[in-house]
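Me: I have a structure open and would like to go through some of its local details with you. Can you take my questions as they come?

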Amino acid sequence: MTGLEPLTFPADLDGWLAFAADRPAERRALVETIDATLREPADRGVLDLLELWNDAELALAEALHESYLISESHPDASVRATAEAQVELTEAVSNGRLLDRRLWAAFAHAAHDGLPEDARRLLAHIRRDFRRGGVDLDDASRERVRELTERDTALSLTFSRNIREGRREIRVAPEALAGLPRDFIESHPVGDDGLVALTTDYPDLMPVREYAGDRATRAALVGAYNDLAWPDNDPVLTELLEVRAERAALLGYTDWADYETEPRMIGAGAEIPRFLDRLDAASAAAADAEYPELLARLRQDDPTAQAVTIADFWYVLGALKNERHGVDAQEVRSYFRFERVLPGVLETTSALLDVEYVPVHAGAWHEDVHSYDVLRGGVRLGRIHLDMHPRDGKFSHAACFGLVPGVRGRQLPESVLLCNFARGLMTHDEVVTFFHEFGHLVHGILGGDQRWARFSGVATEWDFVEAPSQLLEEWAWDPAVLARFTSNEAGEPIPADLVARMRTADAFGRALEVRRQLGHASVSYRLHVQRPADLQAATERIYAETSPVQPLAGRHSYAGFGHLTGYGACYYTYQWSLVIARDLLSAFGGDLMNPDTAARYRAEILEPGGSRDARDLVESFLGRPTSFEAYRAWLAGE
């Protein structure tokens, strides 16, 4: 990929407005030109047709990647709105192509004899996409599918925008901050009304739920977070669930879960509850044993407590870890300064993946953005952009966004992290999240050297994409890795014995955390399949049934559950991928920086992108099919 130039960003607001509007429009025009040729293919061979389709897919991917990113990250609201409008227009073109019978005719009966394996794979995927898009339906049904698909896009964008712009604030008395770190208290001055403002942004939320000794403060802020985008998203989600159900039925599927899972590892919607039942059986006994200990500890602070709620969970767990294992979360936090964690993540992954990160001034959308070229042997492989701190109007969680899809010999892959980390000290959970999201980032770059845009980057089955990121989390628990970049005020790295105690302590509460994830997965699945009339009551009941740690009563967490748009009914993905990630980890044999294992991991898991099925990738790396046993052992604390 040497010699290819990265994307150039505009220099001013007018340039960004033009960038947000004109570039997607130009790519849609290019797609229309390509499609005109595909509709009249003459005597073109199958490989020529696939090359044309690839050109169109690449143009659409470029338009969508840029528009989605800008809509979630640009500091100017008018630029975000322009980009969001372009997402709708481009998604309409992308989905509408799969209803075009003349386009379908170019591939429906194309002979695959003699095609290279990657071209045969692409042809099979195209045919599957047309079938799933509804091309073979009657005219009225095809038009209805078009309407429903476009409505899904519009509702999903609205749902996400309401979350992004829905930050909430509470005000509390200064004494309500008891237990929080000194630097946190100093950065939250008392206002003219004698109160302190706390927001639902992560730099406030994470420390409060972990350190605040005042139970009412924890409940107030977590409760506000659980009401993000409510009531605005109530009617949006209700309609979105109905739109998806009708679309699935028209396309011949039992429900939306069945539609979504067909091209994934799990294979069918009915397999989701079976997998969740397996998680239930694996975690129930341990969670039932852990919960009474949490409740007993909570009652030391509040003798009237009837249940441990989600607002208590992290605080009580932290208290027990400190008292039993000498793991003081605030002491741990004192070693993780953002300005050291960032280069530490880069240094660690540089050694692991045999790459070099070279800082560049890319002139990105905000001054907070750090940009780096990714090199190997002096050859530029791609570029990454790290947008790491919260601001108004920005995506409010942590995620990796594609920016430029890599295509061999044509363009370099670029990917972006949008996170909301504190600028000073970070919790260890935030450091783990950093490693996790960075796993997506490097997967996108190293998997971005593909002939076909369809298979570039993080393009495997959707229920595998979390596995490489979950695997990379393990490096945030390795004492040798952490010693390279951690430092407290005295300049000392985090002690190895403290990291060892952190690992031991982390095993307690693990089953309850799996139950929490089981709750998210059950909400994701059951809302889509059952479509309850009362979203609030159904969601609260599901969470209450899946974990002894109880939801806050009367809240509306589904309204701010951003994964309901992209992941739909398939939040099970996180635990499904974790089963695989724990198995992948076993290949390292306890030596996370083993160069031979790391090289095989790069070659067999990351660099193929989506050019092979995930099961084949895993089996090539492990030398066997994946197993549930490593996950079971991890859950048992072994």
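Me: Is Ala229 buried or exposed?
Reply: In this predicted model, Ala229 counts as buried, because its relative accessibility is 5% and the cut-off for buried is under 20%.

Me: Where does Ala229 lie, and what is its phi?
Reply: Ala229 lies in the loop between α9 and α10, and its phi is near 65 degrees, which is a positive value in a residue other than glycine. Most residues other than glycine have a negative phi.

Me: Which peptide bond is cis?
Reply: The bond from Trp230 to Pro231 is cis, with omega near 10 degrees, and Pro231 is found in the loop between α9 (215-225) and α10 (233-250).

Me: What about Asp354, what is its phi and where is it found?
Reply: Asp354 is not a glycine either, yet it has a positive phi of about 55 degrees, and it is found in the loop between α15 (338-353) and β3. At 44% relative accessibility Asp354 counts as partly exposed, because that value falls between the limits of 20% for buried and 50% for exposed.

Me: Back to α9, which of its residues are buried, and what do they pack against?
Reply: Thr217, Arg218, Leu221, Val222, Gly223 and Ala224 are buried in α9. The buried residues of this helix pack against the strands β1 and β2, and also against the helices α8 (202-211), α12 (271-301) and α13 (313-325).

Me: Changing topic, what is the strand order in the five-stranded sheet?
Reply: The order is β3-β4-β5-β7-β6 in an open sheet with mixed pairing. Its edge strands are β3 (356-360) and β6 (399-404), each of which pairs on one side only. Neighbouring strands of this sheet are turned by 30 degrees against each other on average, direction ignored.

Me: How many bridges join β5 to β7?
Reply: Five bridges join β5 (residues 379-387) to β7 (residues 414-418), and these two strands run parallel, with Arg383 standing opposite Glu414 in β7.

Me: Which helix packs on that sheet?
Reply: Helix α2 (residues 46-73) packs on the sheet and touches β5, β6 and β7, and the direction of α2 makes about 135 degrees with that of β6.

Me: Last one, how do α23 and α25 cross?
Reply: The axes of α23 (residues 573-586) and α25 (residues 614-622) come within 10 Å and cross at roughly 20 degrees. The two helices are therefore roughly parallel to each other, since angles under 35 degrees count as such, and their crossing is left-handed.

Me: Which residues make the contact there?
Reply: From α23 the contact is made by Trp576, Ile580, Asp583, Leu584 and Ser586, and from α25 by Arg615, Val618, Phe621 and Leu622. The residues of this contact divide into six nonpolar, one polar and two charged.

Methods. Residues are numbered from 1 along each chain as its sequence is written. This is a predicted model: local features need pLDDT of at least 70, side-chain atom pairs count only at pLDDT 80 or more; totals for chains, interfaces and linings use all residues. Side-chain values use heavy atoms; hydrogens and water are left out. Two strands pair if DSSP finds at least two bridges between them. Helices (H or I, at least four residues) and strands (E, at least two) are DSSP runs, numbered from the N terminus. Axes are lines fitted to C-alpha atoms, for helices over the stretch in contact, and angles run from 0 to 180 degrees between N-to-C directions. Contact means heavy atoms within 4.5 Å. Angles under 35 degrees count as roughly parallel, over 145 as roughly antiparallel, 65 to 115 as roughly perpendicular and the rest as oblique. A crossing is left-handed if the near helix is turned anticlockwise from the far one by less than a right angle, and right-handed if clockwise. Ala, Val, Leu, Ile, Met, Phe, Trp, Tyr, Cys and Pro count as nonpolar, Asp, Glu, Lys and Arg as charged, and the others, Gly among them, as polar. Buried means under 20% relative accessible area, exposed over 50%, partly exposed in between (1.4 Å probe, protein chains only).
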